Amino acid sequence: MVAIMTETTRTDSPPASRPVRQLLAASVGNAVEWYDWYAYTFLATYIAAEIFPKGADNSLVPLLSTFAVFAVGFFMRPVGGLLMGAIADRRGRRAALTVTILLMGGSSLLVGLTPTYEAAGVLAPLILVVARLLQGLSVGGEFAASTTFLVESAGPGRRGLFSSFQYVSTTAGQLVASGIATLLVDTLSDGQMNGWGWRVPFVLGALLSLVGFWIRQGAEETRSTEQQQAPRPGLLEALRRHPRQSLLICGITAGGTIAYYTWTSYLPTYAELNAGIEKSDALLAGTISLAFFALLQPLGGLLSDRYGRRPLLLFFGLGFTLLTVPLLHALRDSFAVLLLVQCAGMVLLTGFTSISAAVNAEVFPPRVRAAGIGFPYSLTVALFGGTAPYVGTLFKEWGHSGFFPWYVAVLCLGSSLVYLRLPETAHAELRR
């Protein structure tokens with residue numbers, strides 16, 4: 001496995017000349033992208049009530065349908081990772097980032113304008129599916145391009161720190177989405193929320209996408225001159241020439257993505273379904289813990305630059321393997337307990353999220369780095385992260401909600417075994 005990493009340990013061009021501006025261009029756009037993506041999760045129960053046909057009283061079928069559409073969006077992410085990653089490798093990182101944010105803005109507006117099932121019948125969920133497919137295409141490409149862009153913009157010994165801003169900005173977008181959802185739930189009546197309130201965040205997201213587009217126009221391209229002059233890689237070249245690296249990305253990501261989407265997206269709904277937490281309390285606890293999580297990311301990145309990537313990955317993987325079940329079983333009808341459980345998970349999760357961009361970039365050579373990261377990463381996220389809310393809700397529907405924590409723990413154990421054999425690359429130079 002050491003041989004896998006050696007192709008990335010030479011350097012042929014300096015980092016970006018304006019690193020702070022690079023961070024801003026990547027972070028603001030990324031925050032807008034993920035705000036649009038996560039607004040759907042936080043408002044899932046309202047979308048379920050308006051867009052899908054109602055089942056029997058107290059049935060979870062509409063909510064399951066909503067989470068199924070959430071998962072469908074994830075399965076477009078590998079396509080987005082491949083296509084937008086190829087654009088980033090062939091046309092430049094900045095070009096790909098421009099396309100992804102415009103695509104996300106348009107699809108967010110489409111969600112906000114989706115008619116109700118009562119007004120349009122089966123056309124309503126079909127429109128929602130199309131919007132989520134477009135969002136999935138955008139988000140898959142965003143991760144591939146922004147991951148590469150951030151790490152290639154970093155100066156010597158700062159890849160971990162720059163990498164951490166991937167999830168600082170992701171969490172900022174998620175935090176704004178959660179905060180707006182909480183504000184709307186607390187200030188509007190149920191009738192207003194079901195009627196028009198849930199649409200507001202999506203229309204706002206479309207407007208914010210234009211801001212992100214404007215900021216990204218001033219970004220500096222991070223592909224080296226040599227790479228820009230080299231023959232353009234084929235669409236599937238990364239998979240064809242680097243299959244072992246692709247499998248390594250899958251192994252690194254599986255545990256991280258299930259833990260991430262469980263703790264940052266699904267936990268409020270899980271607490272509502274399994275511990276009787278009030279919806280507003282669950283959203284408030286999620287918002288507070290997300291702010292705490294964002295503050296932890298640069299610390300994790302700095303620690304990895306000094307001590308290495310592998311210790312943090314093992315801290316995450318083994319921590320979730322041992323503690324997922326007791327943490328989720330500790331949930332009860334208590335805001336304080338929910339907040340404590342969420343914050344404890346966020347500390348562990350930082351071992352993965354703060355450095356995942358750097359770890360992924362250090363696996364692939366620059367010629368196919370964006371597409372090489374984008375497809376296997378997004379495929380793994382689709383299989384395990386995007387389905388987390390659906391699997392958790394399905395276990396509840398079957399009467400076996402206690403199985404879900406074990407499912408998370410097993411996947412984290414599998415990734416921990418990969419981390420044990422992962423070569424350390426924190427102090428090797430990154431070729432651009």
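Visitor: Which residues are linked in a network of salt bridges?
Guide: Quick heads-up: this is a predicted model, so local features need pLDDT of at least 70 and side-chain atom pairs pLDDT 80 or more, while totals for chains, interfaces and linings use all residues. Residues are numbered from 1 along each chain as its sequence is written, and side-chain values use heavy atoms, leaving out hydrogens and water. A salt bridge here is a side-chain nitrogen of Lys or Arg within 4 Å of a carboxyl oxygen of Asp or Glu. The network links Asp 89, Arg 93, Glu 152 and Arg 369.

Visitor: Is Asp 89, which meets Arg 93 in a salt bridge, buried or exposed?
Guide: The N to O distance in that pair is 2.8 Å. Buried means under 20% relative accessible area, exposed over 50%, and partly exposed in between, using a 1.4 Å probe and protein chains only. Arg 93 has 1%, so that one is buried. Asp 89 comes in at 5%, so Asp 89 counts as buried.

Visitor: How many residues apart are Glu 362 and Arg 159?
Guide: These two form a salt bridge, with their closest N and O atoms 2.8 Å apart. Glu 362 sits in the loop between helix 18 and helix 19, and Arg 159 in helix 9, so to speak distant parts of the chain (helices are DSSP runs of H or I, at least four residues, numbered from the N terminus). The separation is 203 residues.

Visitor: Which side chain of opposite charge is nearest to Arg 199?
Guide: Arg 199 is buried yet has no salt bridge. Lys and Arg count as positive, Asp and Glu as negative, with His and the chain ends not counted. At 5.9 Å, the nearest one is Glu 50.

Key. Helix = DSSP H or I, 4+ residues; strand = E, 2+ residues; numbered from the N terminus.
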